[in-house]
Amino acid sequence: MKKVEAIIRPTKFEDLKRALEAAGFHSMTVTEVKGRGRQKGIVQQWRGQEYRVDMISKIKVEIIVDDDRVESLVSTIVDNTRTGNIGDGKIFIIPVDNVVRIRTGEKDGEAL
């Protein structure tokens, strides 16, 4: 099993959610986060003054899947969140050793 964490633009979340549902990825955890990448934020203008926003609002989507579904999940995320501009986000793929459903005690694949 793998945990796939995607950090994406908030404006792309609804598109991604619909695409994940259509592709059969129903379970996810979503968190509003702030961060910055290599560009160290962005410069914006307001009333003629420039100011730097160094912590950008993003959405983190976390999904646990069986190993054989990782590539399909990653493709769905990329296809539905890519704009081609700086700040599109990142995807992290992390090994998961065990999963336990608290309500039933089911483990691993049955717990997903």
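Tutor: Ala, Val, Leu, Ile, Met, Phe, Trp, Tyr, Cys and Pro count as nonpolar, Asp, Glu, Lys and Arg as charged, and the others, Gly among them, as polar. The model under discussion is predicted.

Student: What makes up the lining of the largest pocket by class?

Tutor: Under that scheme, the lining has 7 nonpolar, 8 polar and 7 charged residues. The pocket has a volume of about 520 Å³. Among the 22 lining residues, G37, Q39, K58, G87 and G89 are the closest to its centre.

Student: What makes β1 and β5 a pair?

Tutor: Pairing requires at least two bridges between two strands. Strand β1 (residues 2–8) and β5 have 7 bridges, in the antiparallel sense, so they count as a pair. K3, for instance, has I64 in β5 as its bridge partner.

Student: Why are β2 and β6 said to stand at the edges?

Tutor: The open sheet runs in the order β2-β5-β1-β6, with antiparallel pairing. β2 and β6 each have a single partner strand, so one side of each lacks a neighbour in the sheet. Neighbouring strands are turned by 20° against each other on average, direction ignored.

Methods:
Residues are numbered from 1 along each chain as its sequence is written. This is a predicted model: local features need pLDDT of at least 70, side-chain atom pairs count only at pLDDT 80 or more; totals for chains, interfaces and linings use all residues. Side-chain values use heavy atoms; hydrogens and water are left out. On a 1 Å grid over the protein atoms alone, a cavity is a set of points where a 1.4 Å probe fits but cannot get out, and a pocket is an open set with protein on both sides within 12 Å along at least five of seven lines; lining residues have an atom within 4 Å of a point. Grid points are joined across faces, edges and corners, and a volume is the space filled by probe spheres set on the points. Helices (H or I, at least four residues) and strands (E, at least two) are DSSP runs, numbered from the N terminus. Axes are lines fitted to C-alpha atoms, for helices over the stretch in contact, and angles run from 0 to 180 degrees between N-to-C directions.
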